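Visitor: Hi, could you walk me through this model? I'd like to talk about packing and side-chain contacts.

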Amino acid sequence: MESCSSVDSEEFEPEALVDSGVAHRQDNSKVKTGLEEAHRGWFNSGVDSLELINPALKGTLNVLGSCAKSPTVKRVVLTSSTAAVECIGRPRTPNEITDETWFSDPEFCKENKVQDAAWKFAKEKCIDMVVINPSIVIGPLLQPTLNASSAAILELINGSQTYPNVSYGWINVKDVANAHIQAYEIPSASGRYCLVERIAHYSEVVKILHELYPSFQLPRKVADDKPYIPFHQVSQEKAKTLGIDFISLEEGLKEIVESLTEKKFFGM
């Protein structure tokens with residue numbers, strides 16, 4: 001059996017947990033699990049990817065370092081994304097099924113740098129780590145500000161003339177939260193878990209929104225005249241072992257519109 005290396009007490013400073021913007025959960029002042037929200041790059045933020053990846057990398061290792069030093073830690077659940085799974089540098093065919101055995105090409109996805117470093121550290125320190133890989137997250141907003149996915153839906157319902165010519169995976173935030181809980185509490189949980197309710201082109205998203213809200217002025221045409229990128233599939237088999245039933249895209253879109261309205265980002 002491989003021995004586990006110790007953590008230098010000066011290697012990880014508690015303040016770094018705050019400075020790097022990484023959340024960690026405490027129970028009776030004892031760290032039970034660390035959650036790292038890897039920054040996603042599927043929307044153009046105008047920020048250099050390294051400005052997102054480097055803090056995520058530092059923050060992830062800080063949380064893992066703190067967990068390695070705590071004798072009460074049972075398991076660490078790391079939040080990554082399907083960007084660390086699906087970006088392989090070539091189009092996929094409709095018959096291809098992406099699953100947890102896939103890894104993004106590092107030339108196309110720097111987010112793998114964070115996940116790879118986390119796996120390496122967890123192995124060296126003998127940390128029981130499980131990784132959740134959600135796609136674009138929709139559903140009700142908990143925070144008072146817009147994130148990238150809610151902003152994308154807001155743009156569609158708030159007067160945009162066109163919709164992007166792209167297909168994404170979509171998942172409800174409540175399924176993501178439930179997956180984290182189950183991944184932490186189910187003893188047999190291990191490895192990575194992809195969370196994708198379905199792959200849908202923006203044209204399908206607009207169609208669903210029109211069916212839910214016929215009075216909305218939604219975009220009627222795609223942003224360019226290029227052919228639609230073929231759909232692909234993402235396996236739900238492993239995620240279902242966590243008890244995830246997958247809330248529908250239709251329900252998620254209804255929830256996010258209602259949430260945007262409630263928080264006064266949008267007026268019906």
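Visitor: Which residues of α5 and α9 make the contact?

Guide: Ser149, Ser150, Ile153, Leu154 and Ile157 of α5, with Leu253, Ile256, Val257 and Leu260 of α9. Contact here is heavy atoms within 4.5 Å.

Visitor: Good. What should I know about the source?

Guide: This is a predicted model, where local features need pLDDT of at least 70 and side-chain atom pairs count only at pLDDT 80 or more, while totals for chains, interfaces and linings use all residues. Residues are numbered from 1 along each chain as its sequence is written, and side-chain values use heavy atoms, with hydrogens and water left out.

Visitor: On to charges. How many salt bridges are there?

Guide: Five salt bridges, taking a side-chain nitrogen of Lys or Arg within 4 Å of a carboxyl oxygen of Asp or Glu.

Visitor: Which salt bridge does Arg198 form with Glu250, in terms of N and O atoms?

Guide: One with the closest N and O atoms 2.6 Å apart. That pair links distant parts of the chain: Arg198 is in strand β10 (residues 198-201) and Glu250 in helix α9 (residues 249-262), 52 residues apart. Salt bridges with shared partners join Glu197, Arg198, Glu204 and Glu250 into one network.

Visitor: What are the N to O distances for Glu197 and Glu204?

Guide: Glu197 meets Arg198 at 2.8 Å, N to O, and Glu204 meets Arg198 at 3.1 Å.

Visitor: Switching topic, how many aromatic pairs does the structure hold?

Guide: Five aromatic pairs. Rings of Phe, Tyr and Trp (its six-membered ring) pair if their centres lie within 6.5 Å; planes under 30 degrees apart count as stacked, over 60 as edge-to-face and the rest as tilted. The Tyr168 and Tyr202 rings have centres 6.2 Å apart and planes at 75°, so that pair is edge-to-face. Tyr168 lies in strand β8 (residues 167-172) and Tyr202 in helix α7 (residues 202-212), so the pair ties together parts 34 residues apart in sequence. Both Tyr168 and Tyr202 are buried.

Visitor: What about Phe216 and Phe266?

Guide: Their ring centres are 5.2 Å apart with planes at 70°, so that pair is edge-to-face. Phe216 sits in the loop between α7 and β11 (221-222) and Phe266 in the segment after α9, 50 residues apart. Phe216 and Phe266 are buried.

Visitor: Which residues do ring pairs link into a cluster?

Guide: Tyr168, Trp170 and Tyr202.

How values were computed
Helices (H or I, at least four residues) and strands (E, at least two) are DSSP runs, numbered from the N terminus. Buried means under 20% relative accessible area, exposed over 50%, partly exposed in between (1.4 Å probe, protein chains only).
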